[in-house]
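Please have the model open as you read.

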Amino acid sequence: MRAESIIYPLPTDQLLSKEEGFWRVELPSDYKEFIKINNGGIPGRRSFSFNGHNYAITRFLCILEDPTKNEFGIFDIDATKSQLDERLIDDEDLIGVALLPVAVLFSGDFLCLDFRESRDNPDVCVWDHANSGEFDPVSYPVADSFKDFLAMLTE
């Protein structure tokens, strides 16, 4: 991770627990450890290939206590999620999240943790902004875990 790109303050266990309650999910431990060190950072290895497509991560999203008081608040997960809201869920009665954006991709798509099958063991997917509609998210599974996804990244 490019050290100068990390967004401070880093999230605490207390803030992560608060967000998990708000989102009604349990974040994977590998993701929590990652974001507590690399909050919103730009990775050195930022490319990955999947299903015949090449993708590049622009920046990982961050978790901030109050995004309105940080110059990088636009990269906060909640700020991003609120802009995409109905396009990230397929059940309008859902309380919590279905797809949680965790990184901005160069194409305008987002890398997401996909909680639709499991509230405590999400897959990693690419959310397709161009083909997703209200309550009709289009996504493509990329990895079974966040750790597996990180192993896919190349220069």
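Which residues are exposed on the other side of α2? They are S29 and I37, where exposed means over 50% relative accessible area, buried under 20% and partly exposed in between (1.4 Å probe, protein chains only).

1. Ground rules. This is a predicted model, in which local features need pLDDT of at least 70, side-chain atom pairs count only at pLDDT 80 or more, and totals for chains, interfaces and linings use all residues. Residues are numbered from 1 along each chain as its sequence is written, and side-chain values use heavy atoms, with hydrogens and water left out.

2. Helix α2. Helices (H or I, at least four residues) and strands (E, at least two) are DSSP runs, numbered from the N terminus. Helix α2 spans residues 29-38, and its buried residues are Y31, K32, F34, I35 and N38. These lie on the same side of α2 because they cover an arc of only 165° around the axis, the arc being that of the directions from the helix axis to the C-beta atoms. Their cover includes α1 (13-23), β2, α3 (77-84), β3 (99-105), β4 (110-114) and α4 (146-152), with contact meaning heavy atoms within 4.5 Å. After α2 comes G40, with a positive phi near 70°.

3. Helix α1. Here L15, L16, E19, E20 and W23 are buried. They share the same side of α1, because their arc around the axis is only 140°. The face turned away from that buried side carries exposed D13, Q14 and F22. Packing partners for the buried residues of α1 are α2, α3 and β3. Just after α1, R24 has a positive phi of about 65°.

4. Strands β1 (residues 47-50) and β2 (residues 53-60) run antiparallel and are joined by four bridges; two strands pair if DSSP finds at least two bridges between them. F48 sits opposite Y55 in β2. Two residues separate the strands of this hairpin, and N51 in the turn has a positive phi of about 55°.

5. The cavity. A cavity is a set of points on a 1 Å grid over the protein atoms alone where a 1.4 Å probe fits but cannot get out; lining residues have an atom within 4 Å of a point. The count is one cavity of 30 Å³ or more, and the largest cavity holds about 50 Å³ of space, taken as the space filled by probe spheres set on the points. Its lining consists of K81, D85, L88, I89, G96, V97, A98 and L99.

How values were computed
1 Å grid on protein atoms, 1.4 Å probe; cavity = no way out; pocket = protein on both sides within 12 Å on 5 of 7 lines; lining within 4 Å.
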